[in-house]
Amino acid sequence: MATGRTHRPASRSRGIPEATVARLPLYLRALTGLSERSVPTVSSEELAAAAGVNSAKLRKDFSYLGSYGTRGVGYDVEYLVYQISRELGLTQDWPVVIVGIGNLGAALANYGGFASRGFRVAALIDADPAMAGKPVAGIPVQHSDELEKIISDNGVSIGVIATPAGAAQPVCDRLVAAGVTSILNFAPTVLTVPDGVDVRKVDLSIELQILAFHEQRKAGEEAAAQAAHPTAAHRDDSTEQGPDGDVPAVMPA
């Protein structure tokens, strides 16, 4: 089976926009769910709703793949799964190393979705000598002194960094020097890499802060709406009272 070292996705050479590339995994996830339910075809509207995008945008994205669907029928689910998987490079084996086997690194190692999506965890690496040889997700952890040899022996081109922030850049530098050209960074820091190396950053704290912003804004909008339109409980209800100030038992017709 081919490895990631010798095969690269065709997206760049075919001129597919980065925004479209970023949406392809969303389509693939939705299509995989349909495939698992044995759904043969899907309309652009249905697939767009499942992927959380606009249907016009979906049709434009698929035009870059040369897939236009059939009027009145829609898209063939299995064929689209193949098309997108091929474009993303998921029809081949991509060996991956995870560096930093703390709580997050161990959780990533135990994630069961890698293999089914074309990725093979080739090695787990940590700088702590006490971790060496310890099995995590059935894979023995190897010491970081062996990093370059591990990358060479396994033909690794994708590295995952799950180290503390202070160790991330030195680990990144070693990965790049050893031949890794794509890095998924979970460390809470910005990495500096040379041209030709792709970095994707996952920062959970930033995502939570963005959600906190939206929650605060929604709370402010609700408070403003309440101030502009007081509830019935706070309105003057004197018109509903009887002549003596009591609410009459039977309202007049």
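This is a predicted model: local features need pLDDT of at least 70, side-chain atom pairs count only at pLDDT 80 or more; totals for chains, interfaces and linings use all residues.
# Exercises on a strand and its surroundings

Ile98 of strand S3 stands opposite Leu124 in S4.

**Exercise 1.** Find out whether the residues of strand S3 (residues 94-99) are buried or exposed, and which way they point.

*Solution.* 
- Step 1: Recall the cut-off, since a residue counts as buried when its relative accessible area is under 20%.
- Step 2: Go along the strand, where six of the six residues are buried.
- Step 3: Sort the side chains by direction. Trp94, Val96 and Ile98 point one way, whereas Pro95, Val97 and Val99 point the other way.
- Step 4: Conclude. Because six of its six residues are buried, S3 is largely enclosed by the rest of the structure.

**Exercise 2.** Which strands pair with S3, and where do they sit in the sheet?

*Solution.* 
- Step 1: Take S4 (residues 119-126), which pairs with S3 in the parallel sense over six bridges. Besides the pair we began with, Trp94 stands opposite Phe119 in S4.
- Step 2: Now take S7 (residues 158-161), which is also parallel to S3, with four bridges. Here Val97 has Gly159 as its bridge partner.
- Step 3: Look at the ends. S5 (135-136) and S9 (198-201) are the edge strands, each pairing on one side only.

**Exercise 3.** Two residues, Gln83 and Glu78, lie in helix H4; describe the accessibility and the partners of each.

*Solution.* 
- Step 1: Begin with Gln83, which counts as buried because its relative accessibility is 3%.
- Step 2: Follow its side chain, which reaches the backbone oxygen of Leu65 at 3.2 Å. Leaving aside neighbours within four places in sequence, Gln83 is in contact with Leu65, Gly66 and Ser67.
- Step 3: Turn to Glu78, whose relative accessibility is 45%, so it counts as partly exposed.
- Step 4: Find its partner. The side chains of Glu78 and Ser35 make a polar contact at 2.4 Å.
- Step 5: Compare chain and space. Glu78 and Thr41 are 37 residues apart along the chain, and their C-alpha atoms are separated by 8.3 Å.

**Exercise 4.** How much space lies in the second largest pocket, and what lines it?

*Solution.* 
- Step 1: Start with the space, about 240 Å³.
- Step 2: Meet the lining. There are 19 residues, and Gly100, Ala127, Thr163, Pro164 and Ala167 lie nearest the centre of the pocket.
- Step 3: Trace where the lining comes from. Helix H5 (103-109), S4 and helix H8 (165-177) each supply at least two residues. H8 gives the largest share, four residues.

Terms used
Residues are numbered from 1 along each chain as its sequence is written. Side-chain values use heavy atoms; hydrogens and water are left out. Buried means under 20% relative accessible area, exposed over 50%, partly exposed in between (1.4 Å probe, protein chains only). Two strands pair if DSSP finds at least two bridges between them. On a 1 Å grid over the protein atoms alone, a cavity is a set of points where a 1.4 Å probe fits but cannot get out, and a pocket is an open set with protein on both sides within 12 Å along at least five of seven lines; lining residues have an atom within 4 Å of a point. Grid points are joined across faces, edges and corners, and a volume is the space filled by probe spheres set on the points. A polar contact is a pair of N or O atoms within 3.5 Å; within protein, one must be able to donate a hydrogen and the other to accept it, and residues adjacent in sequence count only if both atoms are side-chain atoms. Contact means heavy atoms within 4.5 Å.
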